[in-house]
Amino acid sequence: MFQMATRAFDNINLSQRESWEKIYREYVGILPEEDGETGKHCINGINIFKYFYPYRVFELDPKTASKEDIKNAYYRLSKIYHPDNQETGDAEVFDCLTVMYKSITTEIK
């Protein structure tokens, strides 16, 4: 069963910590030492390039968030990370936010 679950990962070497971290992130969640991270690619405590948690990034509850709530959260973050913002703009972060926005708005009818 374990081999089937890890087959999807490229270059898994279970003697390396990085491989175990990759598996943990995929199947368990945020690594304890990575929760509450700060830095260039961190929004609301998580590195958006290590984790795909749109609702957490947008500070929304997935059970109660409406399309309007998601749109407003995306708009708020877009103003910060849009590449046209000369002070805080970041094209990579903006693209990632856009993917997150599209992924959760297609879930809600």
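**Exercise 1.** State how helix H4 and helix H5 pack, and which residues make the contact.

*Solution.* Step 1: In this predicted model, helix H4 covers residues 67-81 and helix H5 covers residues 91-105; helices are DSSP runs (H or I, at least four residues) numbered from the N terminus.

Step 1: The angle between H4 and H5 is about 175 degrees and their axes lie 10 Å apart. Axes are lines fitted to C-alpha atoms over the stretch in contact, and angles run from 0 to 180 degrees between N-to-C directions. H4 is therefore roughly antiparallel to H5 (over 145 degrees).

Step 2: On H4 the contact (heavy atoms within 4.5 Å) involves Lys67, Ile70, Lys71, Tyr74, Leu77, Ser78 and Tyr81. On H5 it involves Ala91, Val93, Phe94, Leu97, Thr98, Tyr101, Ile104 and Thr105.

**Exercise 2.** Describe the aromatic pair of tyrosine 74 and tyrosine 101.

*Solution.* Step 1: Rings of Phe, Tyr and Trp (its six-membered ring) pair if their centres lie within 6.5 Å, and planes under 30 degrees apart count as stacked. The whole structure holds four aromatic pairs.

Step 1: Tyrosine 51 and tyrosine 53 are stacked, with 5.8 Å centre to centre and 15 degrees between the planes.

Step 2: Tyrosine 74 and tyrosine 101 are also stacked, at 4.3 Å and 20 degrees. Tyrosine 74 lies in H4 and tyrosine 101 in H5, 27 residues apart.

**Conventions.** Residues are numbered from 1 along each chain as its sequence is written. Local features need pLDDT of at least 70, side-chain atom pairs count only at pLDDT 80 or more, totals for chains, interfaces and linings use all residues, and side-chain values use heavy atoms, with hydrogens and water left out.

Note on methods. Helices (H or I, at least four residues) and strands (E, at least two) are DSSP runs, numbered from the N terminus. Angles under 35 degrees count as roughly parallel, over 145 as roughly antiparallel, 65 to 115 as roughly perpendicular and the rest as oblique. Rings of Phe, Tyr and Trp (its six-membered ring) pair if their centres lie within 6.5 Å; planes under 30 degrees apart count as stacked, over 60 as edge-to-face and the rest as tilted.
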